[in-house]
Amino acid sequence: MHLLRKTALCAAFVGVFGTAFAADRAMEADLVVIGGGAAGMPAAVQAAEKGASVVLLEKNAFVGGGANAAEGLFGIESRWQRAKSIGLTREEMFKYTMEYSHFKADPVLTHNYYWGSAENLEWLASHGMKFDPIAMTPKDAPTWHVVGEYAGQVHGAAYIKCLYDAAIKAGVKVLTSTPAQELIQEKGRIVGVKAKDKNGNTVTIRSKATIIATGGFGNSKEKVRDWLGLDPEIFKASVPLNKTGDGIEMAWKVGAEHSPMTLMMHTGVQGKGIEFPGALYCMSWQPFNLWVNSQGKRFVDETEAFSFPNAGNAIAAQHGHTAWAIWDNHSVDYVQEAGIDNGIGVIVPVLDKLPKLRDEMKAALAAENATFVSAKSLSELAEKIGVPVDNLKATVKEYNGFAKTGFDLAMQKSRKYLRTIEGDTYYAIKLFPFHYTSLGGLRIDPDFHVLDKNEQPIPGLYAAGVDVGNLYGDTYGVWTSGHAFGWSAYSGRHAALSAVEDLK
């Protein structure tokens, strides 16, 4: 998603408050927001517009974090949906979410979010944002409100630029390159934050309220291993965003209760010359591919590639937590003539013909990646990917039979995406369960107070965004497209509203 380019653009947002202090410094504010991303930015703007003095701490040299690479926010019964005659209801979404989470999702938080999502989009629009609701894939609902152009930026970068401008206008003091270190607790109440600037000076901010919005822990290999019990060399973060669970840890240290935690997984590939979201990466997401596990056998309807968390979960469930996607030279011809069936968000849209695909495949093969191979026969392919030859041949024979009849008797894959694998060259790429972000860590009440181990609010402490747990059950869903991005905006705002109301 051109993250490096967007990151460079976001660096231009760094104001005078991001410069280093000459020495240790003490400050005061009504509210401190820890994290300047999808949740922290709207929290800071909302509080400042309600009259609170606000300091926003961001550990990176730029604001936005993962939101810069995001694209659209969840919304239901919005006026943008109404304009397109999209008739989905909040009740439908609520029922789906509760059932999909096996009723592990908090019903009050979910209800409040869904019934407030349209108003949340209106608030963002009042600051200059534009939205277009679309269905991301054939398996998703049109709840994904893609962010339009703002000040030369689009999507998540436009969201951050818009809110950054609003924050500066409202008088928010934005301190970049200033990671929070610890919460200040006195007599059970959180009364401020200690941080470090880029020169190592201590910045102490006394405050009446603090909002944690640090964006999860997905970039910490140690926490992925220790908190989730997963191998971080396999369950990798898609992009380096410096999300290391700082806010969650700080809250736990002052007595916050742990919430369930998981990852927003998706299909990922890696190797020299394979870049996210390049042509070869996109090819691995196509629903017409054949997927096999370490035994050379199918294990899922490959159209689950449309539902990236489901695809990631299915791969994670295999031996070694990996699998292989297989296609042939005819599939390459199809893509370059008719375009892809499954894009990557709106950055690489459906029907894109991947003009660089053959060049990327050639370069990746020349690099002799163990994760991307080609072969002239199934026997050769089986040897290169390390699966039993007889199993792979039997799997391909059965699959080709299904493709020719239009009926997948094994996995019930739609005939639209059943394509035979029988060209003169076979290709295979290794699939990993990568992830976009972590989900969960802190429990909150409906007013966004962080709860302690006795289910009581910790005075002065609030949380928003993906640091909050009890929203998804054991996995993320995409029928409610844009859920995490929309939740971050909604929860950031409402945590701020709750904090400002408590200050009264």
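Reply: Arg419 lies over the face of Phe288, at 5.9 Å from the ring centre, and Arg419 also lies over the face of Tyr334, at 4.1 Å from the ring centre. A charge is taken to sit over a ring if NZ of Lys or CZ of Arg is within 6 Å of the ring centre and within 35 degrees of the ring normal. This is a predicted model, in which local features need pLDDT of at least 70 and side-chain atom pairs count only at pLDDT 80 or more, while totals for chains, interfaces and linings use all residues. Residues are numbered from 1 along each chain as its sequence is written, and side-chain values use heavy atoms, with hydrogens and water left out.

For the rings themselves, those of Phe, Tyr and Trp (its six-membered ring) pair if their centres lie within 6.5 Å, with planes under 30 degrees apart counted as stacked, over 60 as edge-to-face and the rest as tilted. The count by this rule comes to 28 aromatic pairs. One of them is the edge-to-face pair of Trp80 and Phe131, 5.2 Å centre to centre with 75° between the planes. This pair links distant parts of the chain, since Trp80 belongs to helix H3 (residues 79-83) and Phe131 to strand S4 (residues 131-134), 51 residues apart. Helices (H or I, at least four residues) and strands (E, at least two) are DSSP runs, numbered from the N terminus. Both Trp80 and Phe131 are buried, where buried means under 20% relative accessible area, exposed over 50%, and partly exposed in between (1.4 Å probe, protein chains only).

A stacked pair is formed by Tyr96 and Tyr100, 5.4 Å centre to centre with 25° between the planes. Because Tyr96 and Tyr100 are four residues apart in helix H4 (residues 90-100), about one helical turn separates them. In general, an α-helix has 3.6 residues a turn, so residues three or four places apart point the same way. Tyr96 counts as partly exposed at 24% relative accessibility, and Tyr100 counts as partly exposed at 26%. Elsewhere, one aromatic cluster is made up of Phe276, Tyr281, Trp285, Phe308, Tyr436, Tyr472 and Tyr476.

Turning to helix packing, two packed helices are described by the angle between their axes and the distance between the axes. Axes here are lines fitted to C-alpha atoms, for helices over the stretch in contact, and angles run from 0 to 180 degrees between N-to-C directions. The axes of helix H5 (residues 107-125) and helix H15 (residues 483-503) come within 9 Å and cross at roughly 85°. H5 is therefore roughly perpendicular to H15, given that angles under 35 degrees count as roughly parallel, over 145 as roughly antiparallel, 65 to 115 as roughly perpendicular and the rest as oblique. The residues that meet include Tyr113, Tyr114 and Trp123 in H5, and Trp487, Tyr490 and Arg493 in H15. By class, the residues of the contact of H5 with H15 divide into eight nonpolar, six polar and two charged, where Ala, Val, Leu, Ile, Met, Phe, Trp, Tyr, Cys and Pro count as nonpolar, Asp, Glu, Lys and Arg as charged, and the others, Gly among them, as polar.

For helix H11 (residues 329-338) and helix H12 (residues 357-366), the axes come within 11 Å and cross at roughly 145°. Val332, Asp333, Val335 and Gln336 in H11 meet Leu357, Arg358 and Met361 in H12, and this contact of H11 with H12 has four nonpolar, one polar and two charged residues.

Of the loop positions, Asp140 is found between S4 and strand S5 (144-147), and Asp140 counts as buried at 6% relative accessibility. Asp140 and Ser481 are 341 residues apart in sequence and 6.6 Å apart in space, C-alpha to C-alpha. Leaving aside neighbours within four places in sequence, Asp140 is in contact (heavy atoms within 4.5 Å) with residues including Phe306, Trp479 and Ser481.

His321 lies in the loop between helix H10 (308-316) and strand S12 (323-328) and is partly exposed, with a relative accessible area of 31%. Arg415, in the loop between helix H14 (389-405) and strand S14 (426-439), is exposed, with a relative accessible area of 62%.
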